[in-house]
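My entries follow in the order I made them.

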Amino acid sequence: MAVHVRALSYTHSVNSQSPALDSIDLDLPPGSRTVIIGPNGAGKSTLLQILAGKRLVSGADIYIQDKDVFRDSPEGVTFLGTEWAMNPVVRSDIVVSHFLDSVGGYRHKDRRDKLLDILDVDLDWHMHNISDGERRRVQLVFGLMAPYDVLLLDEVTVDLDVLVRDDLLRFLKQDSEERGATILYATHIFDGLNEFPTRIAHMSFGRLVTPPSPWPLTHESPLNARFGSSTLYHVALQWLKEDREHRRELERQGRKLRGARRDQTVPSDSETFYRKYDYSH
């Protein structure tokens, strides 16, 4: 297996009411492309960060390419997350061409140039003077220009426009098929994603509710009887609706309530502050 996980549980702090990950088992074969579906807070990002070796855990078996993530540090693993664009280093006054050269872009010139074209990146951009979406494109060139065996993608396509995102997904799919690379992709954008995955999985409240299942659905798939010929978008929408209803049921049973507090009165000191500093008139 390219990715093998057994009995993975993780809690962000000792005071947490519930674990971020709860008894996760996961197996991904080489060349598979798995899309993880789940609401915010389901544990998707935490799972990817642990697989990338960025969060230390104990009491679980976590292997990539048959190597222990924490003890053997497997090579060929690329993790791309949303926090990169906020790093002050990549917001400094450095030209994109110099930045890519400084991280070895010249060693992978063919892949780098292909990605520059796909992501429509200007080599003369200054990193401190571009938008977050443009900075995200530079991140993707930076992260994908070196060939990988396992790619962990955490919401990094959210800032891309539709055309660029679709071109990138076609590149990743072809790369996976030609080189047998494994991709695990967490996203909330499902339009145009129907042809990308070979598997889909559902996470909710830190648990893998539906383990990676073949996509498109086959007659043998346990999901077939329920979803049949549904698109990935409609499957994801149904799962997310169920997650929301489950959370609301838990709130009715005493879980901390989200949303507005209908019975909340206006604190007198807040009203005094508002009247003193109200510049709307």
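How far apart do the end C-alpha atoms of residues 3-230 lie, and how much of the span is helix and how much strand? I note first that this is a predicted model. I got 28 Å between the end C-alpha atoms of residues 3-230, with 26% of the span in helix and 24% in strand.

**Entry: the four-stranded sheet**

I traced an open sheet of four strands in the order S2-S1-S4-S5, and its pairing is antiparallel. I then asked which strands stand at the edges. They are S2 (21-28) and S5 (67-68); each has a single partner strand, so one side of each is left without a neighbour in the sheet. At the S5 end I looked up the pairing with S4 (residues 61-64), which is antiparallel and runs over two bridges. Isoleucine 64 has lysine 67 of S5 opposite.

**Entry: the six-stranded sheet**

I read the order of a six-stranded open sheet as S6-S7-S8-S3-S9-S10, with mixed pairing. S6 (77-80) and S10 (207-214) are its edge strands, and each of them pairs on one side only. From one strand to the next I find an average twist of 15°.

I checked two pairings that involve S9. S3 (residues 33-37) runs parallel to S9 (residues 199-204), and four bridges join them. In S9, histidine 202 is the residue opposite isoleucine 37. On to S10: here five bridges join S9 and S10, and the two run antiparallel. Serine 204 has arginine 207 of S10 opposite. I also noted that S9 and S10 form a hairpin, with two residues between the strands. Phenylalanine 205 is in that turn, and I read its phi as positive, about 50°.

**Entry: helices against the sheet**

Which strands does H1 lie across? I listed S3, S6, S7 (150-154), S8 (182-186) and S9 for H1 (residues 44-51), which runs at about 150° to S7. For H5, I listed S3, S7 and S8, and the angle to S8 is about 150°.

**Entry: H3 against H5**

I next took the axes of H3 (residues 109-118) and H5 (residues 162-179). They come within 9 Å and cross at roughly 150°. Angles over 145 degrees count as roughly antiparallel, and H3 and H5 are therefore roughly antiparallel to each other. From H3, I listed Arg111, Lys114, Leu115 and Ile118 in the contact. From H5, the residues are Val164, Asp167, Leu168, Phe171, Gln174, Asp175 and Arg179. Sorted by class, the contact of H3 with H5 has five nonpolar, one polar and five charged residues.

**Entry: tyrosine 233**

I ended with tyrosine 233, which I found in H7 (residues 232-252). Is tyrosine 233 buried, exposed or partly exposed? Its relative accessible area is 36%; buried would mean under 20% and exposed over 50%, so tyrosine 233 is partly exposed. Leaving aside neighbours within four places in sequence, I find tyrosine 233 in contact with Phe190 and Asp191. I also took the C-alpha to C-alpha distance from tyrosine 233 to lysine 256, and it is 30 Å, at a separation of 23 residues in sequence.

How values were computed. Residues numbered from 1 in each chain as written. Predicted model: local features only at pLDDT ≥ 70, side-chain atom pairs only at ≥ 80, totals over all residues. Heavy atoms only, no water. Axes fitted to C-alpha atoms, helices over the stretch in contact; angles between N-to-C directions. Parallel < 35°, antiparallel > 145°, perpendicular 65-115°, else oblique. Contact = heavy atoms within 4.5 Å. Nonpolar A, V, L, I, M, F, W, Y, C, P; charged D, E, K, R; others polar. Pairing = 2+ DSSP bridges. Buried < 20%, exposed > 50% of the residue type's maximum accessible area, 1.4 Å probe, protein only.
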